Amino acid sequence: MLTAVLYILMGCNLANICMERTNTIYKDHRFWLILCSLAMLVYMTVKSYMAR
């Protein structure tokens with residue numbers, strides 16, 4: 001349940017940053033923070049399901 005909420009929040013944050021037209025997305029540090037956090041969340045989710 002908590003994992004689903006985290007995935008939804010990451011998706012919303014990433015969508016909000018992608019919708020902004022004022023900056024280039026790859027130069028924005030928020031994009032990379034969200035992307036790295038999402039990668040860690042995916043890794044932790046996969047790791048926890050493989051342990052079962």
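Me: How do I read the radius of gyration here, and what value does the chain have?
Reply: The radius of gyration is taken over C-alpha atoms, and the globule rule to hold it against is 2.2 Å times the number of residues to the power 0.38. For a compact globule of 52 residues that rule lands near 10 Å, while this chain has 13 Å. Along the principal axes, the C-alpha atoms fill a box of roughly 45 × 20 × 10 Å.

Me: What should I keep in mind about the model itself?
Reply: It's a predicted model, where local features need pLDDT of at least 70 and side-chain atom pairs count only at pLDDT 80 or more, though totals for chains, interfaces and linings use all residues. Residues are numbered from 1 along each chain as its sequence is written, and side-chain values use heavy atoms, with hydrogens and water left out.

Me: OK, how many helices and strands are there?
Reply: Helices (H or I, at least four residues) and strands (E, at least two) are DSSP runs, numbered from the N terminus. Here you get two helices and zero strands. Helix α1 covers residues 2-19, and helix α2 covers residues 29-50.

Me: At what angle do α1 and α2 pack?
Reply: For this, axes are lines fitted to C-alpha atoms, for helices over the stretch in contact, and angles run from 0 to 180 degrees between N-to-C directions. The α1 and α2 axes sit 10 Å apart, at an angle of about 155 degrees. That makes the two helices roughly antiparallel (under 35 degrees is roughly parallel, over 145 roughly antiparallel, 65 to 115 roughly perpendicular, the rest oblique).

Me: Which residues of α1 and α2 make the contact?
Reply: Contact means heavy atoms within 4.5 Å. From α1 you have T3, L6, Y7, M10, N13, L14 and I17; from α2, R30, F31, I34, S37, L38, L41, V42 and T45. N13 and F31 are 18 residues apart in sequence, with 8.8 Å from C-alpha to C-alpha.

Me: Is T45 buried or exposed?
Reply: Buried means under 20% relative accessible area, exposed over 50%, partly exposed in between (1.4 Å probe, protein chains only). T45 has 14% relative accessibility, so it counts as buried. Setting aside neighbours within four places in sequence, T45 is in contact with T3 and Y7. V42, also in α2, is partly exposed at 36%, and N13 in α1 is partly exposed at 38%. L2, in α1, counts as exposed because its relative accessibility is 61%.

Me: And for the whole chain, what share of the residues counts as buried?
Reply: Of the 52 residues, 15% do. Accessible areas come from the Shrake-Rupley method with a 1.4 Å probe, and for residues only the protein chains shown count as cover. The chain exposes about 4500 Å², with carbon and sulfur atoms supplying 71% of it.
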